[in-house]
Amino acid sequence: MEKEQFYYDNKIVRNFLYASIAFGVIGMLVGLIVAFMYLFPSMTDGISWLSYGRLRPLHTNAVIFAFVGNSIFAGVYYSLQRLLKTRMYSNFLTQLNFWGWQIIILGAAITLPLGYTTSKEYAELEWPFDIAIALIWVAFGINMIGTIIKRRERHIYVAIWFYLATFIAVALLHIFNSLEIPVSAFKSYSVYAGVQDALVQWWYGHNAVAFFLTTPILGLMYYFVPKAANRPVYSYRLSIIHFWSLIFIYIWAGPHHLLYTSLPDWAQNLGVVFSIMLIAPSWGGMINGLLTLRGAWDKVRTDPVLKFYVVAITGYGMSTFEGPMLSLKNVNAIAHYTDWIVAHVHVGTLAWNGFMAFGMVYWLIPRMTKTKLYSIGLANFHFWIGTLGIILYTLPMYVAGFTQASMWKQFNPDGSLVYGNFLETVTEIMPMYWMRAIGGTLYFTGLLVLVYNVIRTVMAGSPVEDELAEAPALVKISNKQLKGEAWHSWLERRPVQFTILTTIAVAIGGVVQIVPMLVVKSNIPTISSVKPYTPLELQGRDLYIREGCNNCHSQMIRPFRSEVKRYGEYSKSGEFVYDHPFLWGSKRTGPDLHRVGQKYNDNWHFNHMWDPQSTSSGSIMPGYKWLFDNEAMDHQYIEKKMQVMVTLGVPYSEEDIANARKNMEAQSAQIEKNLNNDPDFVKSYEASKKAAVARGEEFVAMKDREIVALIAYLQRLGTDIKVKKVE
Amino acid sequence: MLKFVKHNMETIVGIEIYPIISLVLFFVIFIAFLVYAMTYSKDKIKELSQLPFKD
């Protein structure tokens, strides 16, 4: 048969690999800085764009979308071409995919520290980026499907199924969670509010872990582990079951977790059986990966690539076991809001995602530069220091999580909390935060060793070039099922049908989840005393979002005796109906804030935001001094903001909007008046007035500065249904 | 966290149909693909698992 010649695009693989490594260094460095901020809260004191609340989203976005994202693209572009015996479908789309993705990342690296954020976890980027992400993602999808169509290999290997499912599901998740109405170039409000916003956000959050951090990596596992071990996957049959069950589990698990109690008995029983059965596919995948090394375990002793893979797959097994455990009510009651969750996600990211990426780098770079890895010894060193880093990171965080949970819930015999002051539960786990920072440093050191090793390898090798390959063209055979051909063999050579079926499968599952979320709004009981935020409070709320307060503070008091005792009346769904977006948070590094309104006076908040340690000794919260700058707060969009809220169903009247500025003026003047109750404030205020005059600056009254708007919001929190004490 | 807001969903009329649809869908497809994977011939499976080595 006549063979056709073509070139594999290796340069794009190289580009994505370099981008992955470079952004891995940046993303993990930011992570490390953030970890050290627990120990030295004032280390970037006064620098707004280096504050914890703004850097933490930068860290998560950089490692997920830039480090892991680029490594996924590198692996997909390498394996897809070779599994299908063809070059990528379109060089233009390939380049668009690469440059578009990097520009989005750069945009994120600039806008997140500047405080442009939606506050929704792992979806913090503002609306222009959401649109760009959708476009680039579609370009990637078209390029991939086009490549599959022009392939020279009849059958589509299981890895590619995982890539296809990733493309479809991520597109669906991203679009639904990013529905928002713009106010200005970098500010928008989520179309969903409160409970509904939380449901959609965590439907996204949960599935993003599944379809961005799991399914594509599994595809890579099914290609690169056999390649590195030089033996086929342990069971191809198991991989098929793994694929279909996995993409459906997530779809089924959503409504299952959300609507469990409304199921009839037979379905509940079936559900329980399935919940247990469903550990099998994940573990089936893990076992499939590990057993691929059967008979090759001697190689694991010497080959660093296989070492990385073994720990990565083990990490996958551990976190997919832990995940279902965490979804159990009684376990969740302990783990939620604590550092246990931080430990859980870092087993997944450091071990599973990170080590899969590192193994791929060590395998690909020498092959593409046609040379040997510069130093096997250094790669082994990276492996060991990285593994030690993971252990030192996660174990202390598990201990911290249990410590927090147990301290939060302990009662004295007289019914009071043993640790009534939240700070006691923070200072107790400081040693754990130290160990975590050390573990992170070790892991990061390993990455730097990789960078050195890669640079030396590339310098010694030949430049990466597109690789000549040849394969016979596919003989055209009937689109219909051939005689004697099994149905699955037919389906697997019909990529478009296959994609459509997968899409339908994922879409039905998506619809089944989304519909209840879309209609839930009308089922949230309205509370007559819950009113929309005043204009000043709305502005303050946007500052809360800009500064990323929700990274450390929840606004959701659970109906537990320990929480009601500590924070006040538990949160009701009806209280959040005007919250676009919701700000429940997912971690309590500091206390819950849902009932903080009116708990302290305005001066307390004023002093606390300037220097948290002055009001709360031992606090690890940083100061927010830039909110006090001698600058007037930017109120230019307030009417527009309120109008957008009206289109989303918040009942502001036209009069409210017309009087917004007058209203803000009155409320902020009252707060400034309250602040004057403190003689210390009066003294320093007068001093700063004189200082401004001496400098020749125009003096901005305190009431016009950002801090006052933030105080207005904080003092409003949870007060709508607050039970007033009878004197 | 979400478990404290689920009661809002339970009051939606006919809500139980959604998890049932997804459960039945998942169950049927899971079984179908179990059968699908099991009915592959041994030779075919072997051929497919060799695909990464043909480049």
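Chain A is divided into domain 1, residues 3-515, and domain 2, residues 535-716; such bounds come from an automatic or database domain assignment. What you see is a predicted model, in which local features need pLDDT of at least 70, side-chain atom pairs count only at pLDDT 80 or more, and totals for chains, interfaces and linings use all residues. Residues are numbered from 1 along each chain as its sequence is written, while chains are lettered from A and ligands numbered from 1 in the order in which they are written.

Taken over C-alpha atoms, the centres of domain 1 of chain A and domain 2 of chain A are 36 Å apart. To their contact, domain 1 of chain A brings 40 residues and domain 2 of chain A brings 41 residues; two residues are in contact if their C-beta atoms, placed from the backbone, lie within 7 Å. On the side of domain 1 of chain A that touches domain 2 of chain A, at least two residues each come from α2 (52-84), β2 (180-184), β3 (187-190), α6 (194-211) and α16 (422-427) of chain A. Helices (H or I, at least four residues) and strands (E, at least two) are DSSP runs, numbered from the N terminus. The most is given by α2(A), with five residues.

Two of those elements, β2(A) and β3(A), run antiparallel and are joined by four bridges; strands pair if DSSP finds at least two bridges between them. A hairpin connects β2(A) to β3(A) through two residues, and A:Ile181 has A:Tyr189 in β3(A) as its bridge partner.

After α24(A) comes A:Gly649, with a positive phi near 100 degrees.

Finally, confidence. The model scores ipTM 0.84 and pTM 0.93. Chain B averages a pLDDT of 78, and 87% of the residues score at least 70; pLDDT is the predictor's confidence in each residue, from 0 to 100.
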